Amino acid sequence: MQRFTVNIKLPARTLTGALSAPNRGAADWGWQGLIAYGCHSLVLIVDANTAQTLQVLERHKASVVKVKWAKENYHHNIGSPYSLRLASADVTGKIIVWDVATGTARCEIQEHAKPIQDMQWLWNQDASRDLLLAVHPPNYIVLWNADTGTKLWKKSYAENILSFSFDPFDPSHLALLTSEGIVFISDFSPSKAPASSGKKVYISSPHSSPSHKLAAATGAKKALDKVKILISNEKPSAESVTLNDCLQLSYLPSKRNYMLLLYPREILILDLEVNQTVGVIAIERTGVPFLQVIPCFQRDGLFCLHENGCITLRVRRSNCSITGTPNEEPDPDPVQELIYDLRSQCDAIRVTKTVRPFSMVCCPVNENSAALIVSDGRVMIWELKSSISGRNVRNSSSASPLYSPVSFCGIPVGAFQNKLPDLSLDNMIGQGTNAGEEQLKSSFLQEVHLKFLLTGLLSGLPLPPFAIRMCPPLTTRNIKQYEPILAVGTSNGSVLVFHLTSGLLHKELSIHSCEVKGIEWISLTGFISFATSTPNNLGLVRNELQLVDLPTGRSIAFRGERGNDEPAIEMIKVSHLKQYLAVVFKDKPLEIWDVRTCTLLREMSKNFPTATALEWSPSHNLKSLRKKQLAAREAMARQTVASDTEVSSVESSVISLLQEAESKSELSQNISAREHFVFTGADGQVYHLTVEGNSVKDSARIPPDGSMGSITCIAWKGDILVLGDVDGNLNFWDLKARVSRGIPTHRSWVKKIRFAPGKGNQKLLAMYNDGAEIWDSKEVQMVSSLRSGRNVNFRILDVDWCTSDKVVLASDDGCIRVLDLSMKPSCFRMDEQDLIEPAWCPYLLVPRASLALKAFLLHQPWNEKYSLDIMNIDYPENENIKNLLQEQLNSLSNDIKKLFLDPDFTFLQRCLLVARLYGDESELHFWTIAAHYLHSLSQEKPAKPTDAAILQEQLVNPLDICYDILCENYYFQKFQLERVNLQEVKRSTYDHTRKCADQLLLLGQTDRAVQLLLETSSENAHYYCDSLKACLVTTVTSSGPSQSTIKLVATNMIANGKLAEGVQLLCLIDKAADACRYLQTYGEWNRAAWLAKVRLNSEECADVLKRWVDHLCSPQVNQKSKAILVLLSLGCFTKVAEMLHSMRYFDRAALFVEACLNYGAFEVNDDTNKLIHAVYADYARSLKLLGFKQGAILFASKAGETGKELLTELKQPKEEVIQE
């Protein structure tokens, strides 16, 4: 444990324990890198890297049911800095939006008094980023402005809404999971409520379809072919409707228009283009059911949580069949369905009645770690680690091998370059594209295996009841070795020792075999605790009294063999000098023990009254004894020196006495001082007894006070003695002035009273059945009060003083709270916290500092050398801020430091790495796409002779399909074809077949389309139409007249509202460019972009996409960030730089220009130079605003003419200083 400096200011904090049932779904891992979860009515914030609790938010009056971090996909600057915003909702329907760093509520929202079913921040970045969509039971969705708390709109639906999921590819699409099925909303917009009531589809539960009875016998694959349609527009017949046991619905973020439905025993993957199941992950009969699933975006993978607390990662098998050897018979139809292979799983937990997994959260930035929140308050953080396996050690399982990706941080790297594969999921495993045999031979693909490692564990308090006791107070004597330690006795017999400056568990000592009832400290490092078993039929128990030494953990049975079958111990009290211990029993006279020798001094006689309350007096004769001892020593010295002089008889008698005392004290190294205690009998009489050495003397009795009932507790400090009784009266006795005052508190039984530590501090803490109060015994008036049910919703189990101005309360919600004198539960500021281990979280810095730190990391090297020491940079902020920044830099892991300090780590990779470290969603996507296209286009330029090799690299390393329209055309086409193949295999109804045929026509696969059209049965109403269409498709020739006729028909169709049919005809005669233009005219922008990518050559495709960009930039659409990404994918880098600059994204513009210059992606002319200078000058100004002088000078000097003035201004103050 660390030694602390003298001024120990304990922060107000809360130690939490087990969770309550409504907290089950209340957990979220934000882009900010922190985990938030609900515990009763509190919200805890945990740092995932160091597994420390950073903040406890206390304001809800009821159990928290949902927590959600705000999204970070917007551009961050001084105006909109990195900040920690969190929304939490409780059982009573209240939503609180927090500023987590300060622990304050930004706004509170209340609509109905029912628990919030689901909520989500809007992800579409160019809209306001304060919008929060919430489901208020039973059937309302409400859009709130979470900054002001105003309601923007409210919409009700026909059924009860259980949860919802936004389409990650289209902000206007939303799916609601209702009690009967799914409602698809396609006109969601922040500005007004959806007009339509959505498209409703019913799910027939997979269990009700007869095929699943066969699943065990024939395997899941055959069962899947039998489960034909799961989704229908008709209501299923009554007998097949089981209660909708769908646990969860989510869109897949890794590819467009896919959705997963989670059932306890299977996960269904739906293709929403045809509303059809295209994949099933089923659990065998003996397997453990699912609880929750989180789909990934970087790879098509699923994190699944099972009921035994095991987390599994499943990754989709790639379609290439490189695993089959030539002599095996080929699979007749290889692409049957989407298969997800189990790639890794972590250990399960022991599930009991009270311990079960509650929820799982996954890191959204890197998707390589998951945290499990258990009902007993534990948080387990599991990280994925990848290991490269030897080529010849092939696993025998059916799963195809996973390969490491070619690139790291967006750029292909060689075998010997520094890389950190465990940085994120997409850096661990490649895309699983069709790597053929010849590429495997070229062996830059390495096979990897994944495993989960437990890297963090936070445990909570056990279940109440608790007995708590704070160690002896801080004094001038013990200041060097003092540590604020709290001992907590629990119901299972163990004593937990907490360090209150950090709030961490220091030791857990299993001492007793039954519930710990009380603890008394006998020094700063030792305590005595007692526990009593449940009484037998005679009312007798087993008493355990243990003396514990904290540094070694050694414990001794204090009463030796005594303790079996006797009345229960009521309380133990240690005297002020920690010499004696009084043990009070229920129906048996008390015992007085000597603590130092563990000996019984006196067991009171049978007729001695039983004590109802007892307290030791603070007065003792230690000082006078010490004086006498000194005097005796002096006298003895004098006697030996002047033996001839006559020593007076008085002195000699004192000496003989003291020699005796000396010999005794040499035995025990201690003088036995005289101490007193008072106790009250059942009749209310107050007895006063003295203990000295090994004698106990009865000295006085005071008759009972008539106004008091039976006395339950006594506290004594200085000249004030306070008694509390069963009726809630407090009686203050001033022993000096000999007056007493009775105060009725009307709070029923006084359970406990304790004086605060500190000289002259006369504050008194009283605990009642229904709460606690703090009194000032000098003025005899109440300072503050806490009452269960009135101002808090928990009951108080035990109280104590922590310091002279802080109290600690144990409550029945399983928490222990350290509060100040007002006893108001409060949050603390995160920057006041003493963390044992510094946590990387730039969000906690002031805005200027976090942005300056970012610039410092990006623009390495400084002064010609790579360094992570901010002290030798010209950054004229106060030392305090610099120290904070240095602390942040030091808290980075060694692997990441190594990357930053590596000169070969390119500028683009740095940008990506910093975006990941900051959890900046918009930057992460921007730099991923920028790095990909800058790299691949720079490769293309000299590429005439080695064309094939370059194409090869692109084939191996395309942009991930999660970027959809932004991918390379050839890869996008390949993906769409695979998708249609799968849809075709899964056809089950005529509608479905027709959709496939239409899709095939658009993709130019005419032969297969004709086959499907000819399948139409003669009974079908469309039989004639389809047959003619088949004839048309086969006979379309490129002769002029037929082309013009078809074109005319198509334009007429489009004009008369048959857009889709018209577009199909245009595609038949290779007029896809016209088709795209029509689609755009009618507002089908996404469809047009899709068609352009699958049918047009790159120039025509670029034209279509550029028109789309202009549309996205128009003020009524205002999706400029998306437009920028589209321009990146087209390689229009100059335009991107201009747009970033015009949007005032100065930092991103400057970094992008820098990257383009590195890659030679700009044509050099006056216009581009002007742009580059303007961008650099503006960036230099923004760095100057941050106070980051060296960075500002660097960019001002790059800005040519434009930056000259700024440069002189920046260098000016230095010269003035020199002149002075």
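Me: Before we look at anything, what do buried and exposed mean here?

Reply: Buried means under 20% relative accessible area, exposed means over 50%, and partly exposed lies in between. Keep in mind that this is a predicted model. You'll find Lys-759 in the loop between β54 (750-755) and β55 (763-768).

Me: OK, now charge pairs. What's the general idea behind them?

Reply: Side chains of opposite charge can pair when their charged atoms come close. For a salt bridge, the cut-off is a side-chain nitrogen of Lys or Arg within 4 Å of a carboxyl oxygen of Asp or Glu. By that rule this model has 53 salt bridges. Take Asp-964 and Arg-256, whose side chains meet in one at 2.7 Å, N to O. That pair ties together distant parts of the chain, 708 residues apart. Asp-964 sits in the loop between α11 (947-956) and α12 (969-985), while Arg-256 sits in the loop between β19 (248-251) and β20 (258-262).

Me: Are Asp-964 and Arg-256 buried or exposed?

Reply: Asp-964 is buried, and Arg-256 is buried too. Another pair to click on is Arg-343 with Asp-341, a salt bridge of 3.9 Å, N to O. Arg-343 counts as buried because its relative accessibility is 15%, and Asp-341 is buried with a relative accessible area of 6%.

Me: Where would I look for a salt bridge with partly exposed partners?

Reply: Go to Glu-692 and Arg-674, where the closest N and O atoms of the salt bridge are 3.8 Å apart. This pair also links distant parts of the chain, 18 residues apart: Glu-692 is in strand β48 (residues 686-692), and Arg-674 is in the loop between α5 (649-668) and β47 (675-681). Glu-692 is partly exposed at a relative accessible area of 28%, and Arg-674 is partly exposed at 32%. Salt bridges can share partners as well, and here such bridges join Arg-559, Arg-562, Glu-566, Lys-588, Glu-591 and Glu-603 into one network.

Me: What about polar contacts? What does the side chain of Ser-189 reach?

Reply: The idea is a pair of N or O atoms within 3.5 Å. The side chain of Ser-189 reaches the backbone nitrogen of Lys-192 at 3.4 Å. There's also a polar contact of 2.9 Å between the side chains of Ser-189 and Ser-191. Ser-189 lies in the loop between β16 (181-185) and β17 (199-203), and Ser-189 is buried, with a relative accessible area of 16%.

Me: Now a helix. Why is α25 described as largely enclosed?

Reply: In general, an α-helix has 3.6 residues a turn, so residues three or four places apart point the same way. Helix α25 (residues 1189-1198) is largely enclosed by the rest of the structure because 7 of its 10 residues are buried. Those buried residues are Lys-1189, Gln-1190, Gly-1191, Ala-1192, Ile-1193, Phe-1195 and Ala-1196. Just after α25, have a look at Gly-1200, which takes a positive phi of about 55°.

Me: Last one: how many residues apart in sequence are Val-361 and Ile-373?

Reply: They are 12 residues apart in sequence, and their C-alpha atoms are 8.2 Å apart in space. Val-361 belongs to strand β27 (residues 357-362), and at 5% relative accessibility Val-361 counts as buried.

Conventions:
Residues are numbered from 1 along each chain as its sequence is written. This is a predicted model: local features need pLDDT of at least 70, side-chain atom pairs count only at pLDDT 80 or more; totals for chains, interfaces and linings use all residues. Side-chain values use heavy atoms; hydrogens and water are left out. Helices (H or I, at least four residues) and strands (E, at least two) are DSSP runs, numbered from the N terminus. Buried means under 20% relative accessible area, exposed over 50%, partly exposed in between (1.4 Å probe, protein chains only). A polar contact is a pair of N or O atoms within 3.5 Å; within protein, one must be able to donate a hydrogen and the other to accept it, and residues adjacent in sequence count only if both atoms are side-chain atoms.
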